[in-house]
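Walk through this model from the contact between its chains to single residues. Keep the sequence and the 3D view side by side.

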Amino acid sequence: MRVLLLMGSPREGASLRLGRALMASLKEQGLATEEYYLVQGLTQGWGKLESAVRQADLLILSSPLYVDSLPAPTIAALEALADNAAGKRMAAILNCGFPEPFHNTTALKICRQFARRAGCTWLGGMSLSMGGFSLGKGLSRRVRISMKLAAQALARGEAIPDRAVHLAARKPIPKWLYLLVLNGVFRRVVRKHGKAPIDAQPYFH
Amino acid sequence: MNILILDGFPENSSSKLQALLLEAQADPGVEYISLAKTAIKHCKGCFSCWLITPGECVIQDAGNDVARKYINSDAVILLTPVTFGGYSSVLKKALDRMIPNICGLFTEYQGETHHVRRYPKYPALVILGVQNTADKEGAEIFYELARRNSLNLYPTAMASHVFSEATEMEQLRSGLKSALAQAGVSL
C-alpha cells in the first residue's frame, strides 16, 4: 500500500511535523510513503499532484487552520483533485493555534465533504490545538502514541480509532497557562521587533 | 452605505446570483471585486502582520488593498460557489489575507478563545453560497463556517444564505433581499 502526504501548510511547521510523524508510523507498518507540498501546485500546475495521487492508495492531508477553514492553496488543490481521487482512502490531521481543538471541527467536515464528493473512503481526522508551540522539540509522547494508533488502523484500511483522536486532541497545558504564555510572548516580540504598536490600526481611514 | 462585494466565483463559472449582484455595481457606494481576475498571493503564515508590522501584510499586492477596503466598508458581501461545504479557493485567498485586521493576542469571546479585535468597528458581513445541485450536508457546513467566521471577524451584523442555482430569478432576487436585510444591508 502506498500513502501520499498532502502538505497543506505554506510553512514548514507543525503541519509538517505532525504529517511526517504519522508517515513515519505508517512506514513502520510497511507502507511506501511520499509527500507533496500543495502550495507548489499554484506555480507548477496540478499535474504532478494528480499523478502522485493516482499512484497512492491512501491520502493523508496535514493542514493548519486558516480563518476557520483550510488555507486557500489547500482548497485549490482539493478543487483540482475533486475528479481525480476516486477510490482512494483519505484521512486528515488539522492543527490550530487556538487552545481548543474544536475550532478545527468545521474544516474537518470540509475535508470529509471533499472525500464524499471525490469518491474517497473517509477514514477520519485528528484535531490538534495550541499549534506548533506546544509540540515541543520532539513530538510529545501523547502525539506519538496517537499517530501510532492511527497508523495501525489506517494500514489495515480502517478508520482512525477514537482513542487516537482523543489523545491528539488533549491539551498539553491548561488553557489559562497557554493564553498567559502566548500573549506574553506576542507582546514581547512586538516590543522588541515590531515596527508599530501591537494594536496599530494602519488600514483605518 | 459603503458596500464591498467580493466575488469568489472561478473564471470559468458563473451564477445568476452573480448577475444580480453585478447590477448593484452601478451604485456609487458599491465596489465589486471579481477575485478570479485579481492577482492575490496566498497568505504565507509568517505572522508579520501580528508581530513585526502590526496590522499590515508584508505582501504588497491587491490582497492588501482588499483588506484595507474591507475594514473601511460598512458591509461586505462574500459570494462563492459552495465548495465541499466551504468557500472556493478564489474567495479564500482573499479571506486568508484579512488576518492583519485582527490582532494576534488571544482573548475570551462568547465562551471561546478568539483573537483580539484590532479596529473599533467591523463591517456587517453577508455570506452567500451557491449550490448547483442541492446538498443539505454541504449547506449545513457552509452555515457553520459562516457562523465561525462571524465569531472571528467581529462583524456588526451577519447573515448567510445558501442559494440553489436552479432557483428562478425573481425568487432569487427576493431571497437576496431578505438575506441582506437580515444584516441591515440594502442594495
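A salt bridge pairs a side-chain nitrogen of Lys or Arg with a carboxyl oxygen of Asp or Glu, within 4 Å. The model here is predicted. With that cut-off in hand, go to Arg116(A) and Asp135(B). Their side chains meet in a salt bridge, with N to O at 3.0 Å. That distance falls inside the limit, so the pair qualifies. The count between chain A and chain B is 5 salt bridges. Polar contacts between the two chains link 28 residue pairs, counting those with both residues at pLDDT 80 or more.

Which helices of chain A supply at least two residues each to the side that touches chain B? They are α4 (72-81), α5 (105-118) and α8 (175-193). Helix α8(A) gives the largest share, 10 residues. By class, this side of chain A has 31 nonpolar, 11 polar and 12 charged residues.

Now take the interface as a whole. On chain A, 54 residues are in contact with 55 residues of chain B. The two chains bury about 4600 Å² between them. Carbon and sulfur atoms account for 62% of that area. Three residues stand out on the chain A side: Val67(A), Tyr203(A) and Phe204(A). Together they supply 18% of the area that chain A buries against chain B, more than any other three residues.

Return to Asp135(B), the partner of Arg116(A) in the salt bridge. The backbone oxygen of Asp135(B) lies 3.0 Å from a polar atom of the Gln131(B) side chain. Gln131(B) sits in strand β6 of chain B, residues 124-131. Is Gln131(B) buried or exposed? Its relative accessibility is 9%, so Gln131(B) counts as buried. Leaving aside residues up to four places away in sequence, Gln131(B) touches Val82(B), Gly138(B), Ala139(B), Val162(B), Phe163(B), Ser164(B) and Glu165(B).

Next, the cysteines. A disulfide is a covalent bond between the sulfur atoms of two cysteines. How many disulfides does the structure hold over all chains? The count is 0. Two cysteines show why. The sulfur of Cys111(A) has its closest cysteine sulfur in Cys120(A), 11 Å away, which is too far for a bond. Cys111(A) is buried, at a relative accessible area of 0%. In chain B, the sulfur of Cys57(B) has its closest cysteine sulfur in Cys49(B), at 6.3 Å.

Finish with the backbone of chain B. Phe47(B) is not a glycine, yet its phi is positive, near 65°. Phe47(B) lies in the loop between β2 (30-34) and α2 (48-51). At 34% relative accessibility, Phe47(B) counts as partly exposed. Tyr154(B) also has a positive phi without being a glycine, here about 50°. Where is Tyr154(B) found? Look in the loop between α5 (136-152) and β7 (158-164) of chain B. Tyr154(B) counts as buried, with a relative accessibility of 5%.

Notes
Residues numbered from 1 in each chain as written. Chains lettered and ligands numbered in written order. Predicted model: local features only at pLDDT ≥ 70, side-chain atom pairs only at ≥ 80, totals over all residues. Heavy atoms only, no water. Contact = heavy atoms within 4.5 Å. Buried area = accessible area lost by both parts, 1.4 Å probe. Polar contact = N/O pair within 3.5 Å; in protein donor to acceptor, adjacent residues only side chain to side chain. Helix = DSSP H or I, 4+ residues; strand = E, 2+ residues; numbered from the N terminus. Nonpolar A, V, L, I, M, F, W, Y, C, P; charged D, E, K, R; others polar. Disulfide = S-S within 2.5 Å. Buried < 20%, exposed > 50% of the residue type's maximum accessible area, 1.4 Å probe, protein only.
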